[in-house]
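Open the model in your viewer and keep the sequence panel beside it. We will go from selection to selection.

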Amino acid sequence: MAPDKSGNEVLVRVENLKKYFPIRRGFIFSREVGAVKAVDDVSLDIKRGETLGVVGESGCGKSTTGRVILQLHRPTSGHVFFEDVDLTTLSHAEMRILRPKMQMIFQDSIASLNPRHSVGKIVGEPLRIHGIGTERAVHDRVVELLELVGLKSAWLKRFPHEFSGGQRQRINIARALALNPSFIVADEPISALDVSIQAQVVNLLKELQAELGLTYLFIAHDLSMVRHISDRVAVMYLGKVMELASRNNLFQTPLHPYTQSLISAVPVPRPKQERQRRRFILKGDPPSPSNPPSGCVFHTRCPLAEEQCITTVPEFRELRPNHFVACHLADLEGGSKIPEKTVLASELN
């Protein structure tokens, strides 16, 4: 595993990743008439021991990116390297050998748990599938995992419907940890939880990372939670990465107008400051991923768009050290300038 420019070991490397879902018509002689470009030429690295946050609007390709990295969906093209092994070239049997090192925490905590199985059977299932340990060893490991995520071992025989949403997500986390993975994709693990429970789950993930040396790809809508847990953040729009930078750089000096609009929508917990700050409001809805715009895919909603934005795809370039952006108009003096037609937060009420 080669280190990146900062000297950190790269655990996962994604190169020019694409995932297109075909659109078919006809009941008998179906034919492909188009494709949904869910992930469109994504490249990024995930360093060992870090948390890479992925944010963006619904339908931007965040979850699909996570699933394609784990090969739950096979990519249309591109490469995914895990510990310098190209996962896209492996057969299902070869992938099965690597599965223990890569796990996923799903968004819907109740749908991802078998309602007919007890907690003990759910958490111990990965161990049984991979033939690890005797039944007694599996039982002891399940007890250890439940206690690790803050659940009582006495709840082994309970079923998923007997738990709250936060407790069910802890069960999901325990199952993901069963095989001692080094990399976990957390696909919006807190979106269906109450705010107070969200903080508990995020803090648990951070504690587990420090204790077990885990690497996370953390997918979420909530920018405040992403800022809390992530070391670096990737901003996606319509299947593409618009900006990728360290947490502090991204939130303090965003270079892409889409990133600026997302950050300006986050409420500030100081009433006076909230009333005085300017909001960057986007017009319209995101285009369809089955028919993305030419040039920069964001140009149809960008108030700064120029002719080159309509005709030319922007290069995903490193504008500052470890700060990448796909925007023709971004510059070193502070990125794409927020337009004059912004409004005060107080004017929105």
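A residue counts as buried here when its relative accessible area is under 20%. Keep in mind that this is a predicted model.

**Stop 1: helix α3.** Select residues 119-129. Which residues of α3 are buried? They are Val-119, Gly-120, Ile-122, Val-123, Gly-124, Pro-126 and Leu-127. These buried residues pack against α4 (135-148) and α5. Step past the end of the helix to Gly-131, which follows α3 and has a positive phi, near 65 degrees.

**Stop 2: α3 with α5.** Show side chains at the contact. From α3 come Val-119, Ile-122, Val-123 and Pro-126; from α5 come Ile-171, Ala-174 and Arg-175. By class, six of these residues are nonpolar, none is polar and one is charged. α5 also lies across β6 and β7, at about 175 degrees to β6.

**Stop 3: the cores.** In soluble globular proteins, nonpolar side chains tend to be buried together. The largest nonpolar core here has 59 residues. Select Val-123, Ile-171, Ile-173, Leu-177, Leu-205, Phe-218 and Tyr-258, the members that touch the most others. Center on Phe-218. Leaving aside residues up to four places away in sequence, its contacts include Leu-52, Val-54, Ala-186, Ile-190, Leu-205 and Ile-229. Another core, of 30 residues, lies apart from the largest one; Ile-46, Val-80, Met-102 and Val-241 are among its members.

**Stop 4: the eight-stranded sheet.** Switch to cartoon. This open sheet runs β6-β7-β8-β3-β9-β10-β13-β12, with mixed pairing. β6 (102-105) and β12 (317-320) each have a single partner strand, so one side of each is left without a neighbour in the sheet. Neighbouring strands are turned by 20 degrees against each other on average, direction ignored. At the β12 end, three bridges join β12 to β13 (residues 323-325), and the two run antiparallel. Pick Arg-320: its bridge partner in β13 is His-323.

**Stop 5: the four-stranded sheet.** Here the order is β2-β1-β4-β5, open and antiparallel. β2 (31-47) and β5 (85-86) are the edge strands. Select residues 10-25 and 77-82: five bridges join these strands, β1 and β4. Glu-15 stands opposite His-79 in β4.

**Last stop: helix α1.** Select residues 62-69. α1 packs on the four-stranded sheet, touching β1, β2 and β4, and its direction makes about 115 degrees with that of β1. α1 also lies across β3, β6, β7, β8 and β9, at about 150 degrees to β8.

How values were computed. Residues are numbered from 1 along each chain as its sequence is written. This is a predicted model: local features need pLDDT of at least 70, side-chain atom pairs count only at pLDDT 80 or more; totals for chains, interfaces and linings use all residues. Side-chain values use heavy atoms; hydrogens and water are left out. Two strands pair if DSSP finds at least two bridges between them. Contact means heavy atoms within 4.5 Å. Axes are lines fitted to C-alpha atoms, for helices over the stretch in contact, and angles run from 0 to 180 degrees between N-to-C directions. Ala, Val, Leu, Ile, Met, Phe, Trp, Tyr, Cys and Pro count as nonpolar, Asp, Glu, Lys and Arg as charged, and the others, Gly among them, as polar. A nonpolar core is a set of buried Ala, Val, Leu, Ile, Met, Phe, Trp, Tyr and Cys residues joined through side-chain atoms within 4.5 Å. Buried means under 20% relative accessible area, exposed over 50%, partly exposed in between (1.4 Å probe, protein chains only).
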